[in-house]
Amino acid sequence: MLDYGDKIPFDTRPGEMRFLPPGLDLARLQETGIKNRHEIKALRENLKASRLLLGAAKSENNPQLSLSSNYTRQTETAMLPDHLWDVTLSMRINIYDGGAKNASIKNAEAVLRQAELAMESLKKQVRLEVEKSYLDLKEARIRYHTSIQDEKTNEEAYRLATVRYKNGL
């Protein structure tokens, strides 16, 4: 500890500064960043919804089959019995819709592609942010160790200057 009287005491002993836990590499940090980013979680759900919408748009090409039944109980008359069963089976095939199905499919595909591109863009952004932080941290670590070396050099220079002053040089 250098002592400049009571004016400015400060500790010059090198301390242990931990910058990164051992074994952590950039790729693992980037994947962790992607996995934990809330925007990416939201985009994943958006992608799921877009895929479901595309499936629904494509299913419009399929024929629709419906079955319904009805039971009626009433007072018996000369012309009508006291109960009636009614069963209906219908099938709907869309022959021509003016291109609405194809437009709906193209629109759903475009929405899905846009969501996929947004996901890739965000992943790239997260990777770049993590890489920048990682490199900033490595740079800070180098500066820290350099400052420790500079401190040792300055202490030695101070010691030599003090010795020279005491010896009258």
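Helix axes here are lines fitted to C-alpha atoms over the stretch in contact, and angles run from 0 to 180 degrees between N-to-C directions. Helices (H or I, at least four residues) and strands (E, at least two) are DSSP runs, numbered from the N terminus. The model is predicted: local features need pLDDT of at least 70, side-chain atom pairs count only at pLDDT 80 or more, and totals for chains, interfaces and linings use all residues. Residues are numbered from 1 along each chain as its sequence is written, and side-chain values use heavy atoms, with hydrogens and water left out.

Start with confidence. pLDDT is the predictor's confidence in each residue, from 0 to 100. The protein chain averages 84, and 85% of its residues score at least 70. Residues 1–13 fall below 50. Beyond near neighbours in sequence, that stretch has 13 contacts in the model (contact means heavy atoms within 4.5 Å). In the protein chain, helix 2 (residues 38–59) has the highest confidence, at a mean of 93, and strand 2 (residues 83–92) the lowest, at 88.

Now the helix pair. The axes of helix 1 (residues 26–36) and helix 3 come within 9 Å and cross at roughly 135 degrees. That makes helix 1 oblique to helix 3. Angles under 35 degrees count as roughly parallel, over 145 as roughly antiparallel, 65 to 115 as roughly perpendicular, and the rest as oblique. Helix 1 passes helix 3 in a right-handed crossing; that is, the near helix is turned clockwise from the far one by less than a right angle. Helix 1 makes the contact through L26, L29, Q30, E31, G33 and I34. Helix 3 brings K123, V126, R127, V130, E131 and Y134.

Take Y134 of helix 3. Y134 is buried, with a relative accessible area of 15% (buried is under 20%, exposed over 50%, partly exposed in between; 1.4 Å probe, protein chains only). Y134 and L29 sit 105 residues apart in sequence, yet 8.5 Å apart in space, C-alpha to C-alpha.

Next comes the core. A nonpolar core is a set of buried Ala, Val, Leu, Ile, Met, Phe, Trp, Tyr and Cys residues joined through side-chain atoms within 4.5 Å. The largest has 14 residues, and I40, L47, L54, M119, L122 and V126 have the most contacts inside it. Helix 2 and helix 3 (100–166) each give two or more residues to this core. Helix 3 gives the most, with eight.

Two residues show local detail. L54 touches I105, A108, E109 and L112, not counting residues up to four places away in sequence. S50 lies in helix 2 and is buried, at 3% relative accessible area. Leaving aside neighbours within four places in sequence, S50 contacts V111, L112 and A115.
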